[in-house]
Amino acid sequence: MSNDEFRAALSRLAAGVVLVTAQEPPLDEHGRGEDAGMTATAFMSVSLDPPLVMVSLRNDSRMDDLLAEQPLWAVSVLTGAQRHIAGRFSMKGRISDRLLFEDIPYIRGEITGAPLVGGALATLECRTEQRVLAGDHTLVIGRVLTASLPSADDEPLTYFKGRYRQLG
């Protein structure tokens, strides 16, 4: 089986779209670390008791490197109207994350300090429990510390056959 065959087969699996965010540790005791964000479609619930979720990160990506040293992170489940956010944080060769967050409404998580996208379907704050190497990705399993439903009635953003889509 080729990589293209594998990719084509799995593109038939619809997935929800999330923005994973974290804050870099500050360089000194007087500052705040820079925010980082990454679009993900490989995100899922793992356990109800304790509440655990998992995200798959490409090995040696900025988010993989950051979550290897920063155990606190957050997830915003994006709505269909937030497609531009998903596209912005999934661009190759993108500008700095600081500029990517510039005109996106968000609040800071009470526990993680990470950005939580305003108007998301749901937001979660997490602490890494386990990291599992799996081929060219790392599976990061996080304990959910907080969960909220800012826009629970909107439609979700999904990813199917290589494109962002809305239900309905």
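Good morning. Strands here are DSSP runs of E of at least two residues, helices are runs of H or I of at least four, and both are numbered from the N terminus.

Two remarks on the source are needed at the outset. This is a predicted model, in which local features need pLDDT of at least 70 and side-chain atom pairs count only at pLDDT 80 or more, while totals for chains, interfaces and linings use all residues. Residues are numbered from 1 along each chain as its sequence is written, and side-chain values use heavy atoms, with hydrogens and water left out.

Let me continue with the sheet to which Ala15 leads us. Strand 1 and strand 11 (residues 157-160) run antiparallel and are joined by two bridges; two strands pair if DSSP finds at least two bridges between them. The open sheet has three strands in the order 1-11-12, and its pairing is antiparallel. Strand 1 (15-16) and strand 12 (163-166) stand at the edges with a single partner strand each, so one side of each is left without a neighbour in the sheet.

Which order do its seven strands take? They form an open sheet in the order 3-2-6-9-10-5-4, with antiparallel pairing. Its edge strands are strand 3 (35-40) and strand 4 (43-47), each of which pairs on one side only. On average, neighbouring strands of this sheet are turned by 35° against each other, direction ignored; the axes are lines fitted to C-alpha atoms, for helices over the stretch in contact, and angles between N-to-C directions run from 0 to 180 degrees.

Within this sheet, strand 2 (residues 18-23) pairs with strand 6 (residues 72-77) in the antiparallel sense over four bridges. Val18 stands opposite Val77 of strand 6, and Leu19 has Ser76 as its bridge partner in that strand. Strand 6 also pairs with strand 9, again antiparallel, over six bridges. There, Leu72 has Arg127 of strand 9 as its bridge partner.

Next, helix 1 and the surface. Asp4 and Arg7 both lie in helix 1, three residues apart, about one turn of the helix. An α-helix has 3.6 residues a turn, so residues three or four places apart point the same way. Asp4 and Arg7 form a salt bridge, with 3.5 Å between the closest N and O atoms; the term requires a side-chain nitrogen of Lys or Arg within 4 Å of a carboxyl oxygen of Asp or Glu. Both residues are exposed. Exposed means over 50% relative accessible area, buried under 20%, and partly exposed in between, with a 1.4 Å probe and protein chains only.

Leu10 also lies in helix 1 (residues 3-10) and, at 48% relative accessibility, counts as partly exposed.

How many salt bridges does the structure hold? There are eight. Arg62 forms one with Glu34, the closest N and O atoms being 3.9 Å apart. Arg62 lies in helix 2 (residues 62-69) and Glu34 in the loop between strand 2 and strand 3, so the pair ties together parts that are 28 residues apart in sequence. Arg62 is partly exposed at 33% relative accessible area, and Glu34 is likewise partly exposed at 33%.

Is Asp64 buried or exposed? Asp64 is buried, with a relative accessible area of 5%, whereas Arg131 is partly exposed at 32%. Salt bridges that share partners also join Glu24, Glu34 and Arg62 into one network.

Glu69 counts as exposed at 56% relative accessibility. Its C-alpha atom and that of His84, 15 residues apart along the chain, are separated by 29 Å.
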